[in-house]
Every structure is written in structure tokens, then in C-alpha cells.
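Subject: Structure handover

Hi,

Here is the structure for you to look through. My notes follow below it.

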Amino acid sequence: MALELAHENIWFDKWRVDDAERQFYETKSSPALGLSCARQPCTGRMLGLDSQASHAGGSIGSQGSADVLNRLTKLESQNSVLTKTVSALEKTVIQLTKRLDSLDHGGKTTVSATTSTSTPVQNNKQAEEDDDDDEVDLFGSDDDEEEDEAAAKVREQRLKAYAEKKSKKPGPIAKSSVLLDCKPWDDETDMGVMEKEIRKIEMDGLIWGAAKLVPLAYGIQKLSILCTVEDEKVSIDDLSEKIQEIEDYVQSVDIAAFNKV
């Protein structure tokens with residue numbers, strides 16, 4: 001057991017070191033100096049807080065007074081502007097009332113003046129109308145009747161001349177497009193010669209168009225030929241009869257199509 005304690009590191013004299021350290025610090029610093037030193041920073045801090053509070057209060061008070069002054073100046077300027085506008089409106093209202101009063105009085109006077117001036121004018125008009133009535137001949141005269149008859153004759157002549165001119169004006173020409181089917185006697189008929197003979201037919205208002213050969217049966221072909229005719233000048237029946245007069249080549253003629261142009 002003793003050997004084990006000898007080997008362990010134990011500080012048995014620590015209390016002596018602690019006492020020496022405490023005495024050293026007590027002798028080094030007395031209690032009066034400690035209190036004064038402790039009080040000095042407290043008083044300094046208090047003084048600093050007081051100075052800051054005084055500065056803050058002064059700044060807040062100066063800012064508040066400046067804001068109040070600014071608001072007062074703004075209110076005074078607005079008040080002056082409002083007073084000016086109100087005074088201007090009062091002046092305009094007074095002027096308008098004066099004008100209305102003057103117009104009311106002036107309108108009455110003008111109405112009376114117009115009525116007074118209109119009465120003699122009306123009297124003059126009535127007198128002129130009476131004079132005109134006196135000058136009118138109720139029974140009339142023969143000269144007036146003769147003049148009316150002559151005017152009526154002139155009107156009739158002019159109307160007749162206008163109607164004649166209008167009737168002489170050429171209107172739109174009515175035309176028709178006709179497709180004719182010309183059939184031969186047999187398959188030995190020369191269709192080219194038949195077409196030439198048909199085109200030799202000339203009439204006022206007849207214009208020949210295109211032509212083609214259309215097969216019928218057993219090698220026989222028909223000639224479909226187109227023509228344009230004026231309805232007032234050319235009759236389709238007369239044209240068909242003239243084509244059928246070519247007996248050596250044409251057996252019959254049929255109208256395949258008829259359209260107005």
C-alpha cells in the first residue's frame with residue numbers, strides 16, 4: 001500500500017500555495033483602491049448614458065419641431081390657394097347672375113319690339129294680298145284659253161318626238177347559238193363536199209362556226225355544224241329548209257342544241 005502511494009503523483013502541499021497566492025494579491029491591492037477603481041468605470045458609464053440620452057432627446061425634439069413647422073407652412077399655403085379659388089368662384093357667380101338678369105330684361109324688351117315691328121309688316125302683307133285678289137279675273141278670257149291650247153299642242157309634239165327618238169335607238173341584239181346535225185344518204189356520201197355546200201348558204205345575220213363528223217352506224221357519219229344567228233333576221237326553219245335543198249348530199253337536218261347568246 002505504501003509502495004502504491006509512493007508511485008502516485010499527489011500534491012499534498014497545495015493549501016500552502018493557495019494561502020501564499022491569496023496573501024500576495026491582498027497585499028498588492030488595498031480595499032480602498034479597489035473600490036475607487038471599481039466605482040470609476042460605473043460613473044463613467046452612467047455619464048455616458050446620460051450624455052447619450054440628452055443628445056437623443058435633443059435630436060428627437062428638434063426633428064418634431066421641424067415636422068410641425070413644415071406641416072404648418074403647407075397648410076397655410078393650401079389655405080391661401082383655397083381662399084383665392086373661392087373668391088374667384090364668387091366673382092364668376094356674381095357675374096353670371098348679373099348676365100342672367102340682363103338677359104331676362106333684354107329678352108322682354110326685344111320680344112315687345114319684335115311684336116311691335118311685326119304688326120305693321122303683317123298689315124302690309126294682308127293689304128298686298130287683298131290687292132292681288134282684286135286683280136284676279138274670276139271669269140277669265142278667251143286669250144288665256146287659246147294660250148293653254150297652244151301650250152298643250154307643243155307639249156304633245158315634243159312628247160311624240162321624244163318617243164320616236166327613243167324607239168329608233170338600237171337595243172341589244174338577240175342572238176342564238178344553234179348546233180345542226182346534217183345526215184347523209186349513205187356511207188358513200190362525200191362529207192367534205194357536203195360541208196362546203198352547206199357553208200355556201202349565206203344569210204344576213206348568219207355566221208357559220210366549227211364542224212365535226214360524228215359516227216352513226218354501219219360506217220355512216222353525220223355532220224354536226226355550229227352556227228350563230230340573229231333572232232330578228234334569221235329563222236332556223238328557213239335555214240333548215242335551205243340545207244335540205246342540197247338533196248344530193250343531205251337526207252335530213254335536226255336541231256341538236258339551241259342556246260341564247
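In which helix is the place of L75? L75 sits in helix α3, residues 31–135.

Before the rest, some ground rules. This is a predicted model, where local features need pLDDT of at least 70, side-chain atom pairs count only at pLDDT 80 or more, and totals for chains, interfaces and linings use all residues. Residues are numbered from 1 along each chain as its sequence is written, and side-chain values use heavy atoms, with hydrogens and water left out.

**Overall layout**

The protein has six helices and four strands. Helices (H or I, at least four residues) and strands (E, at least two) are DSSP runs, numbered from the N terminus. Along the sequence, the pattern reads α-α-α-α-β-α-β-β-α-β.

The protein has 261 residues, and 12% of them count as buried. Buried means under 20% relative accessible area, exposed means over 50%, and partly exposed is in between (1.4 Å probe, protein chains only). The accessible surface comes to about 21,800 Å². Carbon and sulfur atoms hold 56% of that surface. Accessible areas come from the Shrake-Rupley method with a 1.4 Å probe; for residues, only the protein chains shown count as cover.

Now the contacts, meaning heavy atoms within 4.5 Å. Take those between residues at least 6 apart in sequence. Of these, 70% join residues at least 24 apart.

**Back to L75**

L75 counts as exposed because its relative accessibility is 53%. L75 also belongs to a nonpolar surface patch with V68, L69 and L72. Together the four have about 390 Å² of accessible area. Patches are made of residues with over 30% relative accessible area and no salt bridge; like charges are joined within 9 Å, nonpolar side chains (Val, Leu, Ile, Met, Phe, Trp, Tyr) within 5 Å.

Look at helix α5, residues 191–199. Its buried residues are M191, M194 and I198. The arc is that of the directions from the helix axis to the C-beta atoms. An α-helix has 3.6 residues a turn, so residues three or four places apart point the same way.

What do the buried residues of α5 pack against? They pack against β1 (175–183), β2 (206–217), β3 and α6 (236–244). At the start of α5, a side-chain oxygen of D190 comes within 3.3 Å of the backbone nitrogen of G192.

In α6, the buried residues are I236, L239, S240 and I243. Their arc is 100 degrees seen down the axis, so they too line one face of their helix. Their cover includes β1, α5, β2, β3 and β4.

**Salt bridges**

How many salt bridges does a search of the whole structure find? The count is nine. A salt bridge is a side-chain nitrogen of Lys or Arg within 4 Å of a carboxyl oxygen of Asp or Glu. Side chains of opposite charge can pair when their charged atoms come close.

- K183 and D254 pair at 3.4 Å, N to O. This pair links distant parts of the chain: K183 is in strand β1 and D254 in strand β4 (residues 252–260), 71 residues apart. K183 is partly exposed at 28% relative accessible area. D254 is partly exposed at 34%.
- E195 and R199 pair at 3.2 Å, N to O. Both lie in helix α5, four residues apart, about one turn of the helix. E195 is partly exposed at 24%, and R199 is partly exposed at 31%.
- E230 pairs with K233, with the closest N and O atoms 3.4 Å apart. K233 counts as partly exposed, because its relative accessibility is 47%.
- Salt bridges that share partners join D19, R22 and E26 into one network.

Is E230 buried or exposed? E230 counts as buried, because its relative accessibility is 15%. E230 lies in strand β3, residues 220–230. Leaving aside neighbours within four places in sequence, E230 is in contact with I173, A174, K175 and G205.

Y218 lies in the loop between β2 and β3. Y218 is not a glycine, although its phi is positive, at about 55 degrees. Y218 is exposed, with a relative accessible area of 81%.

Best wishes

Methods. Polar contact = N/O pair within 3.5 Å; in protein donor to acceptor, adjacent residues only side chain to side chain.
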